[in-house]
Amino acid sequence: MIEVLNLTKIYGKKENQFKALEKIDLKIPDNSIVSIIGKSGSGKSTLMHIMSGLDRPSSGSVHINGTDIFEMKEKKIDAFRASEMSFVFQSFFVEANATCYQNVVLPLEIAKVSRNKRKRLATEALEAVGLAEKINSKASTLSGGQKQRLAVARAIVNKPKILFADEPTGNLDSVTGDKIMKLLFDLNKKLGCTIILVTHDEDLTKHTQMRITLKDGKIESIHESGIKS
Amino acid sequence: MKYSDIIRRALRNLLSSKTRTLLTAFAIAVGTFALTLTIGASNGAQNYAQNIVKQNFDPSELLVSKDTNLFSRQDASKPQVYDPSFGSITTFGGTQRQVKMLSDQDITKLSGISGVASAQPSLNISLSYLTREGQSKYIATLATYNSYQSPELLAGTLPNKLADNTIILPEGFLSVMGFSNAKAAIGKTVKLAVQNQATPTSNISAMKSPANNSPHEYDFKIIAVSKTPNTVISAETALYLYSNLHSVETLNDYITLNTKNYHQYLIARVKVIDGTNTSKLSAAEVLIKNQGYSVQSVVDTEKTITQFISVIEGIVTIFGLIAIIASVFGVVNTMYISVLQRTREIGLMKALGMHRKDISRLFRIEAGLIGILGGIIGSALAIIAGTLLNPFISDKLGLGDSKLLIFKSGEIGLLILVLGLVAIIAGLLPARKAAHLDPIEALRTE
């Protein structure tokens, strides 16, 4: 359960103040797929950054399973992110010079997982996204869709509770994009992790259980489809 | 993140930009090359000096003179009070220099100092000539033999104490004295000629008359032939003849009879009881100095020899250090570029929960590895160059079998480690920049 309470984020000072987020209240249940939708500048990325502990709010709090993450020290937030969260980005951010395996084990290295366990988890993750035979290929040899699948494998390798996907199909053609979305929905069912999808594309939000629409830093609407697994 | 994982990641990052890594490392290698050669030369010089001293000086001996300016010339520019005990020596420039000489009383006094085993004059005398029946005359120097010298012999044997009127003939005189080989010389007699230096003050014409002052020849029996040593102070010592103190004194007395220098000595050799023990040696040194004498120990002699080399080494070291300081800026620059290029990677690692300290460590280790790589390249090149050049240098400088460049693995290892540390320090600022990078900025896509 992710609880966002009275969250406000203000950039700048005095006359130049800009409210990126204003009094956001949210409850996201476990194992759900949630989309945050809004135009650029609506504050959706800021909300994601704060929910993941990468950014700090000006006021308000984020509770994950009852813990206020901003009460934790920086080192603890880092450790928390390493074990409980992961990310998929629009531009993949895979290391082109490294092999698929080396890309996938990065979160495990950060979380200090033992070497034997790493091998097993990485193989599982690559299998889950259909890249098992590419384990020792360099990431630079992959197509765009494969790179994003690699990024997804990296995101699920440490079995996170929450997966943030920031415009995951933004750099892909619609067919490949649909495949990635299907992959994410499948993983949600299989692994039971909460997926928070940040996008400006309404089409992607159709199948999500909860759709949060942001406008100018405020919640415009929360739409719950009621299909709960 | 575990240390081993950070190191592997750092290695991979360096390998993925090989050219940049190598070029930066080469800058460090230039300085390392100079420093490694300097260290090698320093070892070689020390080794050479030690060899010379070992072969020519008794480590348990102190050289003592009455003249305080003989060993250190710091007072030479000041006027000096006349002392009737002054004798004169000819300096390199050809001018006569007045120095205080040691008398027999001084020698006795020195022998009486506690801790002193024996004191004797150090005598090297210039012979008028050395010859043998039916051979030409050659100039030569006769020196006092001390058992610690233990020269390598081609023929003959050396008793503990040389008998009077016996000599060790150096290899160089064999053929000119008409011997076909070293063995043939043993037991044969050579003539050592000396000339009295007294000036008959009343009669100048007598001085010009050779009849009054012709060289006197002494017969000496050859008991051993010494091999030309590999390490010599100067070429001429290779041709020194050696005899016992009494014989040398006899000849010296003949030369100096009726002169101011009769039984006056420039330097005395004082053997210290347990003198190889440095604390006993320096204790005796202090006692002798307190008696108003000037003292030089083996260590001082070694210093004198290495002093000149040290100056050159200092200069090369400074240039090497300057090269390394310059290359440090190369490391800083390379690492800054690396941080800028890898902004997104850093952002991603932060997003995935990598701690700031670990990110900083990653970049510091990359910098350190560049330093170590540069150190290895530079020292390897220096060792290769040194090994190839050593025979050539030894030949040109006349060092015999001594090597000018001696490399010690411990020192070079330490140098490489220090370079790694220096590079880590150079990487501190770029690593800090990476650690403090805002992940949100770094991950912004547009």
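What percentage of the 446 residues in chain B is buried? In this predicted model, buried residues make up 37% of chain B. Chain B holds 13 helices and 15 strands. Of its contacts with a separation of 6 or more, 82% join residues 24 or more positions apart.

**A sheet in chain B**

- Strands of a sheet pair through backbone hydrogen bonds, in either a parallel or an antiparallel way.
- One open sheet of chain B has four strands in the order S5-S14-S1-S15, and the pairing is antiparallel.
- Strand S5 (116–121) and strand S15 (294–297) of chain B are the edge strands, as each of them pairs on one side only.
- Neighbouring strands of this sheet are turned by 25 degrees against each other on average, with direction ignored.
- Five bridges link S5(B) to strand S14 (residues 268–272) of chain B in the antiparallel sense.
- One bridge partner in S14(B) is Val270(B), which faces Ala119(B).
- Helix H7 (residues 278–290) of chain B lies across strand S1 (61–65), S5, S14 and S15 of chain B.
- The direction of H7(B) is at about 165 degrees to that of S15(B).

**Two packed helices in chain B**

- The angle between the axes and the distance between the axes describe how two helices pack.
- For helix H2 (residues 18–56) and helix H10 (residues 356–397) of chain B, the angle is about 45 degrees and the axes are 6 Å apart.
- An angle between 35 and 65 degrees counts as oblique, and H2(B) and H10(B) are therefore oblique to each other.
- The crossing of H2(B) and H10(B) is right-handed.
- The residues in the contact of H2(B) with H10(B) comprise 14 nonpolar, twelve polar and no charged ones.

**Where chain B meets chain A**

- The two chains touch through 18 residues of chain B and 23 residues of chain A.
- Helix H1 (3–16), helix H9 (343–351) and helix H13 (439–443) of chain B each supply at least two residues to the side that touches chain A.
- H9(B) gives the most to this side of chain B, with five residues.
- By class, the side of chain B that touches chain A has nine nonpolar, four polar and five charged residues.

**Helix H9 of chain B**

- H9(B) is mostly covered, with seven of its nine residues buried.
- The buried residues of H9(B) include Glu345(B) and Lys350(B) as well as Ile346(B), Leu348(B) and Met349(B).
- Gly347(B) and Ala351(B) are also among the buried residues of H9(B).
- On the chain A side, the buried residues of H9(B) pack against S6 and helix H4 (106–110).
- Within chain B, the buried residues of H9(B) pack against H10, helix H12 (428–435) and H13.
- Just after H9(B) comes Gly353(B), which takes a positive phi of about 95 degrees.

**A covered strand in chain A**

- All five residues of strand S7 (residues 162–166) of chain A are buried, so S7(A) is largely enclosed by the rest of the structure.
- Both faces of S7(A) are covered: one side carries the buried residues Ile162(A), Phe164(A) and Asp166(A), and the other carries the buried residues Leu163(A) and Ala165(A).
- S7(A) pairs with strand S6 (residues 85–89) of chain A in the parallel sense over five bridges, and Ser86(A) stands opposite Leu163(A).
- S7(A) also runs parallel to strand S8 (residues 194–199) of chain A, to which five bridges join it.
- In S8(A), Leu197(A) is the bridge partner of Ala165(A).

**An antiparallel sheet in chain A**

- An open sheet of chain A has four strands in the order S2-S1-S4-S5, with antiparallel pairing.
- Strand S2 (18–28) and strand S5 (67–68) of chain A are at the edges with a single partner strand each, so one side of each is left without a neighbour in the sheet.
- Strand S1 (residues 2–11) and strand S4 (residues 59–64) of chain A pair in the antiparallel sense over five bridges, and the bridge partner of Glu3(A) is His63(A).
- Helix H1 (residues 44–51) of chain A packs on this sheet and touches S1, S2 and S4 of chain A.
- The direction of H1(A) makes about 120 degrees with that of S1(A).

Technical notes
Residues numbered from 1 in each chain as written. Chains lettered and ligands numbered in written order. Predicted model: local features only at pLDDT ≥ 70, side-chain atom pairs only at ≥ 80, totals over all residues. Pairing = 2+ DSSP bridges. Axes fitted to C-alpha atoms, helices over the stretch in contact; angles between N-to-C directions. Contact = placed C-beta atoms within 7 Å. Parallel < 35°, antiparallel > 145°, perpendicular 65-115°, else oblique. Left-handed = near helix turned anticlockwise from the far one by under 90°. Nonpolar A, V, L, I, M, F, W, Y, C, P; charged D, E, K, R; others polar. Buried ≥ 20, exposed ≤ 12 C-beta atoms within 10 Å, placed from the backbone.
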